[in-house]
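Let's take a walk through this model together. Have the chain in view and follow along as we go from one part to the next.

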Amino acid sequence: MKDLNLDSALVSFDPATGERIGQAKIFTPEEVKEVVSRSRKAFLKWRTTSFEERKRLIMRAREIILAEIDEIAELISKESGKPFAEAISMEIVPVLDLMQYFARKTKKLLKPRKIQIGIFSLLGRSSKIIYEPYGVIAIIPAWNYPFSIPLGEATMALMAGNTVVIKPSELTPLTGLKIGEIFQKAGADEDLVQIVTGDGATGAALVESLPDKIMFTGSVATGKKIAEIAARNLTPFVLELGGKDPMIVFKDANLDIAASAAVWGAFCNTGQNCSSVERLYVEEEVAEKFINLVVEKTKKLKQGNGLESDVSVTVLSSEKQLSIVKSHVEAFRKEGARILIGGNHEGLFFEPTVIVDVKNSMLPMQEETFGPTLPIATFKTEEEAIRLANESNFGLTASVWTSDLKKGKRVAEKIQAGTVCINEVLYTHGIAQTPWGGMKLSGQGRTHGLEGLMELVQPKHIHLNRFSILPDIWWMPYSETAIKTFKALAKHFASGSMLKASLALPQIVRRLKELLANK
Ligand code: NAD
């Protein structure tokens, strides 16, 4: 059973077998503080390294992962319960791609940027932005992508010149420790990437230890707690939280492909994805045909231990997760929905479950389930589909399925979510170049892509005056001439037009003379 012994060590269990895999130390708040302080010291050195040096470290870490791919995939699969196949396809492959991308491109993405400052440039001024690292980045991930999420964020943070402290989930501490080990083997300074294992209290201690930024992935409830503490300390943060992602299937979609996508989108990682398809809306005219396809495809899925290569659906991560999934399925039943397939469980193995006759008013349509359930509702018009999809407090991802791409784009623009896919589902966390993050309760800020990289740096504005032999006309002392000049600035200079601004010139010259005479 994957519930924990919290005496002095964190015990890690395989949720599929109950087998004890290993254990990890629980860091005390004092130890966490010490780790952050060492990280800050390591930052002073790391921030001065070149992009080439950072790239070499990341590429060496990448090689180590490739060399140990089977061992790492097995650890991820055993600790999180996910299929071995998905440990490779949905964790190792995307993070290796992210590592090479940010190793090679960060220098270009963070190139200093000149800013056009309009008429101020006529006064001999120029401005540019340079990007500085924050310092110590605290990464607090969830257990469901225990390798790719923290390692991806750590890679981006390091490439930007930050140091990193990761507090892995209490359900997957060994995978977290593996990330630290990979960087050590790659030759990193021992304080560059530090791992503090422990539970929520250790996470809270990390937030309290005044890191320079917090990258959090987890539930809305924990996100709110972190935001409260961070606000007290004015620590900036990114929150990647839960979802209740809708999939809209129009009658003109390729129904067979859409049904396969729905099955994968709802049941991969046994439904334990922030971006799982948790609400499906299909156009009424094709609902029966589409639902039959979904049920047929679901019947073919083998459920079992993730280490068996032909197993597609595995196990829930914990008793807590099981009780949420059970209660949601029960609530659907009570409120009049019908379960076409699944609905039962043996231990933590909850069957892939397809539910129909569903309405948005049913409680489990409003809360994140995080399990292998696919509730399907119908709609009649495009407007209704958009309304149903947006009737949620969450807004992480969504998908629209149609052969009419104009309609697809029109609908995508109206859906409130951080990512909307047209004829695709769930997978864009795996694209390093695209931003990831939510609207509404699904979070704040972004990871991945340029937007995600920008979360890990502070823009610094450098402003230069090449005409510094003259005082600025707005400096002291003030006078009647000064006020006349300021009015001329208001009328002409602030107009944004070079031509109009020149009308202020005579008054500017008078003011300059006055200031120079007063020297
Ligand atoms: P959780 O909120 O229980 O835990 C997440 C992490 O926070 C863990 O490491 C935990 O130890 C730590 N934590 C717990 N209490 C804390 C506190 N008071 N202060 C600091 N840290 C604390 O979430 P979970 O069950 O591990 O993960 C599931 C949730 O994560 C789901 O809601 C899922 O949608 C979400 N998720 C979101 C994304 C995304 O990209 N938006 C990705 C993966 C998972």
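First, some ground rules. This is a predicted model, in which local features need pLDDT of at least 70 and side-chain atom pairs count only at pLDDT 80 or more, while totals for chains, interfaces and linings use all residues. Residues are numbered from 1 along each chain as its sequence is written, and side-chain values use heavy atoms, with hydrogens and water left out.

Start with strand β1, residues 9-13. Strands (E, at least two residues) and helices (H or I, at least four) are DSSP runs, numbered from the N terminus. 5 of the 5 residues of β1 are buried, so the strand is largely enclosed by the rest of the structure; buried means under 20% relative accessible area, with exposed over 50% and partly exposed in between (1.4 Å probe, protein chains only). One side carries Ala-9, Val-11 and Phe-13, the other Leu-10 and Ser-12, and both faces are covered.

(Two strands pair if DSSP finds at least two bridges between them.) Leu-10 stands opposite Ala-24 of β2. The two strands make a hairpin with 6 residues between them, and Gly-18 in the turn has a positive phi of about 80°.

Now look at helix α3, residues 69-80. Its buried residues include Ile-72, Leu-75 and Ile-76, and the buried residues of α3 pack against β1, β2, α2 (51-67), α4 (84-109) and α6 (173-185), where contact means heavy atoms within 4.5 Å. Just after α3 comes Gly-81, with a positive phi of about 90°.

Further along is strand β15, residues 353-356, also covered on both faces: Thr-353 and Ile-355 are buried on one side, Val-354 and Val-356 on the other. What runs alongside β15? Strand β12 (residues 338-341) is joined to β15 by 3 bridges and runs antiparallel, with Arg-338 partnered to Val-356. Strand β16 (residues 373-379) pairs with β15 in the parallel sense, over 3 bridges, and there Val-354 stands opposite Leu-374.

Finally, the ligand. It is surrounded by 29 residues, and Glu-368 is among the closest; a residue counts as near if one of its heavy atoms lies within 4 Å. A polar side-chain atom of Glu-368 lies 2.6 Å from an oxygen atom of the ligand.

Terms used:
The expected span of a helix is 1.5 Å times one less than its number of residues. A polar contact is a pair of N or O atoms within 3.5 Å; within protein, one must be able to donate a hydrogen and the other to accept it, and residues adjacent in sequence count only if both atoms are side-chain atoms.
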